[in-house]
Amino acid sequence: MSAEAQTYPLLLNGAERASWNFTLERGSMAVTGICLVRQTEQGLVGSVVNEFGIHFFDFTCQGNRVTVSNVFAAMNKWYIRRVLRNDLRLLAASSLLSAGRHRQLQIYQPDSLTLSNNKYNLTYHFERLQQ
C-alpha cells in the first residue's frame, strides 16, 4: 500500500477499497444508495447504486482529473455532470485541494464524511459500511 493511498478522503485510513452508505441531498429531496470505491494503479474508480440496484453514475479519478460516466438518464445533463465532477474531485483527490468558498468538506474519522456545496444547495453524506 503506497503512502499516496492514505490521502484519499474516500479511502480513509489508507485502505485499498471502501463501501459507503451514500446520500445526496438537495433541499428536501434525497437520493440514497451505496458508493463502492477502490484504488487502482491509475487512481480511484467508483460507482454509486441505489438500494434497488439502479445505477446512478460511475467515476474515475486520475490525479486531479475526474471523469463521470454512465449517469442515470434523468441526471445525464452536462451541467449536472460538471457539478458532480467538481464535487467528486475534492473527495477523490490524491492530495489536499482547496474546497473554495462554495464547498465545505468535513471528515469524521474513521467512518464518515460530508461535502456541502452551498452554491447549488447540495450535500453529500458518506458513512462507511461495516464489513
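**Gln 106.** I looked up Gln 106 in this predicted model and noted that, at 28% relative accessibility, Gln 106 counts as partly exposed. Buried here means under 20% relative accessible area, exposed over 50%, and partly exposed in between, with a 1.4 Å probe and protein chains only. Gln 106 lies in strand β6. Strands are DSSP runs of E of at least two residues, helices are runs of H or I of at least four, and both are numbered from the N terminus. Leaving aside neighbours within four places in sequence, I found Gln 106 in contact with Leu 113 and Thr 114, where contact means heavy atoms within 4.5 Å. I also took the C-alpha separation of Gln 106 and His 125, which is 9.7 Å for residues 19 apart along the chain.

**Conventions.** I kept to residue numbers that start from 1 along each chain as its sequence is written, and to side-chain values that use heavy atoms, with hydrogens and water left out. Local features need pLDDT of at least 70 and side-chain atom pairs count only at pLDDT 80 or more, while totals for chains, interfaces and linings use all residues.

**Thr 123.** I turned to strand β8, where Thr 123 is found. At 19% relative accessibility, Thr 123 counts as buried. Not counting residues up to four places away in sequence, Thr 123 touches Thr 23, Leu 24, Glu 25, Thr 114, Leu 115 and Ser 116. Thr 123 and Thr 23 are 100 residues apart in sequence, yet their C-alpha atoms are 7.9 Å apart in space.

**Whole chain.** I read one helix and eight strands in the protein chain, in the order β-β-β-β-β-α-β-β-β. Of its 131 residues, 40% count as buried. Among contacts with a separation of 6 or more, 39% join residues 24 or more positions apart.

**Helix α1.** I checked the length of α1, residues 78–91: at 1.5 Å a residue its 14 residues should span 20 Å, and its end C-alpha atoms are 20 Å apart, which agrees. The expected span is 1.5 Å times one less than the number of residues. I listed Val 83, Leu 84, Asp 87, Leu 88, Leu 90 and Leu 91 as the buried residues of α1. They cover an arc of only 145 degrees around the axis, which puts them on the same side of α1; the arc is that of the directions from the helix axis to the C-beta atoms. What covers them includes β4 (55–62), β5 (65–69), β6 (103–108), β7 (112–117) and β8 (122–128).

**Largest pocket.** I noted a volume of about 430 Å³. A pocket is an open set of points on a 1 Å grid over the protein atoms alone, with protein on both sides within 12 Å along at least five of seven lines, and lining residues have an atom within 4 Å of a point. Of the 15 lining residues, Leu 24, Arg 26, Met 75, Ile 80 and Leu 122 are the closest to the centre. β1 (17–26), β2 (29–39), α1 and β8 each give two or more residues to the lining, and α1 gives the most, with five.

**Positive phi.** I found Asn 70 with phi near 50 degrees, a positive value in a residue other than glycine. Asn 70 is in the loop between β5 and α1 and, at 53% relative accessibility, counts as exposed. Asn 121, in the loop between β7 and β8, has phi near 55 degrees. Asn 121 is partly exposed, with a relative accessible area of 47%.

Terms used:
1 Å grid on protein atoms, 1.4 Å probe; cavity = no way out; pocket = protein on both sides within 12 Å on 5 of 7 lines; lining within 4 Å. Points joined across faces, edges and corners; volume = space filled by probe spheres on them.
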